[in-house]
Every structure is written in C-alpha cells, then in structure tokens.
Amino acid sequence: MPDPYAHGHHESVLRSHRWRTAENSAAYLLPALAPGVSVLDVGAGPGTITLDLAERVAPGPVRGVDASADVVTQAEAARVASGLDNASFAVDDAYALDSADGAWDVVHAHQVLQHLVRPVDALREFRRVMAPDGVVAARDVDYEGVIWWPLLPGLAEWLEVYLAAHRATSGEPAAGRRLKAWAREAGFADVRSSASVWLFETPDDRAWWGGMWADRALQSSFADNVRRHGIGDQATLERISAAWREWAEHPDAWMLLPHGEILARG
C-alpha cells in the first residue's frame with residue numbers, strides 16, 4: 001500500500017507537474033547524462049521530466065514509475081505522442097522496485113522523498129537498483145524556506161496550514177535540507193549536494209502558479225486533508241484561495257521556492 005500522497009492527483013496538481021522539464025527541475029543531473037545511459041525515474045507523475053531524460057540518453061532505456069495507475073496511463077499516452085521508443089512507464093513501489101539489483105545507471109526522484117513516510121528506506125531501495133558505478137539523483141523543495149512578496153496574511157496562513165496538512169498526511173515538507181543526511185543514513189559513501197530555486201514573478205508565472213494554488217486550495221487532496229485532520233475549515237480554504245488570486249494579480253508579486261539536490265554514489 002503506497003504512502004498517502006498529500007497533494008493528490010487533481011487536475012490542479014497535475015497542471016503543476018506537467019510544467020516540469022529536465023531543464024527547470026533536473027539541471028543538476030544533466031551533466032551526468034550521455035547517450036546510452038539507463039535511467040529509472042521514480043515518482044514520474046505525468047512523465048514530462050522522464051521523456052526529457054529519454055531524449056537526452058537515447059538509445060539508453062528510461063523507465064518512469066509511479067504509484068498511481070491513472071497517472072501512469074497519462075504518462076504512457078504522452079510517450080506515445082512523443083514517439084520515443086526508449087521510454088516506458090509502469091506502476092511500481094518506491095520501497096520495493098520491480099528491478100534487479102544494479103539494473104540502472106541513474107535512479108532519479110523529483111519531489112518524491114518529501115512525500116514518503118520512510119525516505120531513508122526508499123533511498124536504500126534506490127541504492128539497491130543502482131549500478132555499481134551509478135548515481136541516485138534526488139531533488140525536493142523545502143517549504144519552510146519559501147519566501148514571497150507582498151506579505152499577504154492569507155499566504156502566511158497557507159504556509160502554516162500546508163506544513164501541518166502535509167505532515168499530518170505523510171512525509172516531510174522541509175525535505176530539501178534533509179536530503180544529504182537521509183542519503184548518508186541510507187549508506188551512500190559519496191553524497192554531493194547542491195541547491196536551486198523556482199522563481200515565479202512574471203505576469204504569466206503569477207497567473208499560472210497563483211491560479212493553480214487557488215484551485216488546489218479548494219478542490220484537491222490538500223483541501224480534503226485540511227478538513228479531515230481538523231487543520232482548517234472551508235472558510236480557511238476560501239481565504240487561502242483568495243490570497244493566491246490576490247497575489248497573482250499584484251504587479252510586484254514574487255515567490256521563491258528553494259530546493260535541495262543530491263547526487264549520491266557508492
């Protein structure tokens with residue numbers, strides 16, 4: 001049974017997942033890629049990063065796996081549309097991957113470890129399926145480090161509610177700062193850390209990111225988890241949604257999301 005996913009798979013969530021590319025979400029990994037390298041992409045979601053990686057390493061095999069069968073179906077449709085024949089998608093379990101020991105040159109996980117109850121156990125499993133001279137690459141946001149302008153009270157409420165709802169559901173929303181420690185605990189001998197950010201500040205950025213969160217606050221599993229765990233009520237969620245729309249419309253609005261990254265070997 002997979003860990004509960006704090007975000008769920010509402011359209012507003014997948015809208016943000018489809019925006020992700022290798023360039024904006026896995027730039028730290030790209031120098032380690034070359035034609036012929038094999039890649040396992042854990043928690044691949046709708047597959048946009050997976051397919052970007054497949055283009056870069058072709059003819060190397062790339063497999064995207066996710067716990068959600070519905071999302072895997074969407075990713076496979078995207079693969080068919082792309083025409084890439086070195087990529088595939090399947091349902092799988094991050095704690096018990098359907099891969100042989102040492103099967104993959106690269107095991108990649110983007111925004112995955114933050115949602116797992118046992119991230120160290122998952123990293124041990126990634127290490128099991130990593131080739132002896134391979135690498136595990138992981139990147140996760142650190143929500144406790146998010147900063148924005150203007151300082152709208154509704155966004156401060158959003159962050160407090162989000163952190164509580166995420167932790168009440170499963171995982172650690174401030175995962176970015178913990179990746180190095182988790183990898184060392186999982187037994188990796190060589191862990192290289194880096195960091196990068198997502199910045200949303202142009203009118204298009206604000207309309208997309210703010211609109212996505214305004215919808216997510218009312219309609220996604222985030223909203224369900226807030227109510228189920230008694231963290232807030234419908235009025236709370238409506239205030240948060242309105243704050244996101246206010247932020248999106250403000251000409252000075254700016255938001256930065258910091259991410260931790262690791263390349264773990266050995």
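**Close-up 1. H166 sits in helix α6.** This is a predicted model, where local features need pLDDT of at least 70, side-chain atom pairs count only at pLDDT 80 or more, and totals for chains, interfaces and linings use all residues. Residues are numbered from 1 along each chain as its sequence is written, and side-chain values use heavy atoms, leaving out hydrogens and water. Helices (H or I, at least four residues) and strands (E, at least two) are DSSP runs numbered from the N terminus. H166 has 1% relative accessibility, so it counts as buried (under 20% relative accessible area, with a 1.4 Å probe and protein chains only). Its side chain joins that of Y162 through a polar contact of 2.8 Å (a pair of N or O atoms within 3.5 Å, one able to donate a hydrogen and the other to accept it).

**Close-up 2. Helix α6 packs against helix α10.** Here residues 153-169 (α6) meet residues 234-249 (α10) at an angle of about 125 degrees, with axes 8 Å apart. On the α6 side, look for G154, L155, E157, W158 and V161; on the α10 side, T236, R239, I240, A243, W244 and W247 make the contact (heavy atoms within 4.5 Å).

**Close-up 3. Helix α3 is mostly covered.** Seven of the 10 residues in α3 (48-57) are buried: I49, T50, L51, D52, L53, A54 and V57. Their cover includes helices α2 (22-25) and α4 (69-82), plus strands β1 (39-42), β2 (62-66), β3 (87-91) and β4 (104-110).

Technical notes: Axes fitted to C-alpha atoms, helices over the stretch in contact; angles between N-to-C directions. Buried < 20%, exposed > 50% of the residue type's maximum accessible area, 1.4 Å probe, protein only.
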